[in-house]
Amino acid sequence: MQYQQVEAGRFLARPNRFIAQVEVNGQVETVHVKNTGRCRELLVPGATVYLERSNNPKRKTQYDLIVVEKGSLLINMDAQAPNRLFAEWAQVGHFCPNLTTLRPETTWGTSRFDFYWEDSDGKRGFVEVKGVTLEEEGLALFPDAPTERGVKHLRELAQCRAAGYEAAVCFVVQMAGRKGFSPNERTHPAFGAALRAAQKAGVEILVKGCTVERDSIAITETVPLCL
């Protein structure tokens with residue numbers, strides 16, 4: 001996944017979850033933050049960030065904030081990236097070698113999942129994708145804030161599995177080199193319990209790490225699951 005017209009800036013402040021103040025080329029710009037999560041440990045005053053310039057003259061903001069430096073680590077913050085990355089990764093055969101159908105945003109019953117898929121062997125299933133931007137001491141963690149929606153997704157995937165579908169949750173770690181991935185029990189214990197229950201019910205848990213550059217991101221590694 002490639003970004004265009006990327007420029008470096010210095011993070012100053014985040015007035016609300018949608019925008020940030022960033023110094024770019026000596027001027028303070030109001031930029032769109034492509035992640036509505038808290039990201040408090042990333043967006044700290046003085047942090048180096050990378051912005052994608054838009055060519056749309058009708059936009060209220062000229063830039064999107066996509067990447068932040070945390071020490072020597074580059075972390076992609078684009079909340080739209082994980083689904084696009086999973087689709088790219090799956091369509092070249094990494095998820096299912098005999099994949100014939102990969103359809104985004106599919107409803108089953110009262111549930112809506114990120115992807116529905118089929119293969120040439122007659123298998124079919126659903127995948128929910130979660131982006132991971134939180135890390136502590138080399139360990140990737142999710143969520144960074146309580147997520148009842150995330151708990152609901154896991155329970156619904158277990159229901160799909162009970163109904164005879166394949167089911168998976170894929171955590172896309174938007175950084176490289178993490179030694180493992182765990183549910184963030186300190187922030188949301190119920191999510192960790194739901195993840196373990198989903199695994200017990202037959203839901204596959206995938207954790208994929210990414211190589212991140214200032215202007216690109218790609219799934220390149222498997223991160224160990226630590227439950």
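**Close-up views of a predicted model**

Figure 1. Helix α3, formed by residues 189-200, lies across strands β11 and β13. Its direction makes an angle of about 110° with that of β13. The structure shown here and in the following views is a predicted model.

**Figure 2. The open sheet containing β11 and β13.** Three strands form an open sheet in the order β10-β11-β13, and their pairing is mixed. Strands β10 (134-136) and β13 (180-183) are the edges, each pairing on one side only. On average, neighbouring strands of this sheet are turned by 35° against each other, direction ignored. Strand β11 (residues 139-142) runs parallel to β13, and four bridges join the two. Across this pairing, F142 stands opposite P183 of β13.

**Figure 3. N184 in the loop between β13 and α3.** N184 is placed in the loop that links strand β13 with helix α3. The relative accessible area of N184 is 4%, so this residue counts as buried, the cut-off being under 20%. Beyond its neighbours within four places in sequence, N184 is in contact with L134, L141, F142, P143 and D144. One of these contacts, F142, is the residue that stands opposite P183.

Figure 4. G125 belongs to strand β9, which spans residues 124-132. This glycine is buried because its relative accessibility is 0%. Not counting residues up to four places away in sequence, G125 touches F115, Y116, W117, Y165 and E166. The C-alpha atom of G125 is separated by 8.6 Å from that of G164, although the two residues are 39 residues apart along the chain.

Figure 5. Helix α1 comprises residues 81-91, and its buried residues are A81, P82, L85, F86, A87, W89 and A90. An α-helix has 3.6 residues a turn, so residues three or four places apart point the same way. Among the buried residues of α1 are P82, L85 and W89. The helix is followed by G93, which has a positive phi, near 95°.

Figure 6. An unreviewed UniProt entry places the feature "domain: SfsA N-terminal OB" at residues 12-76. In the model, the chain over residues 12-76 is 55% strand and 0% helix.

Conventions: Residues are numbered from 1 along each chain as its sequence is written. This is a predicted model: local features need pLDDT of at least 70, side-chain atom pairs count only at pLDDT 80 or more; totals for chains, interfaces and linings use all residues. Side-chain values use heavy atoms; hydrogens and water are left out. Buried means under 20% relative accessible area, exposed over 50%, partly exposed in between (1.4 Å probe, protein chains only). Contact means heavy atoms within 4.5 Å. Two strands pair if DSSP finds at least two bridges between them. Axes are lines fitted to C-alpha atoms, for helices over the stretch in contact, and angles run from 0 to 180 degrees between N-to-C directions. UniProt positions are given in the numbering used here, feature names are shortened, and annotations may be inferred rather than shown by experiment.
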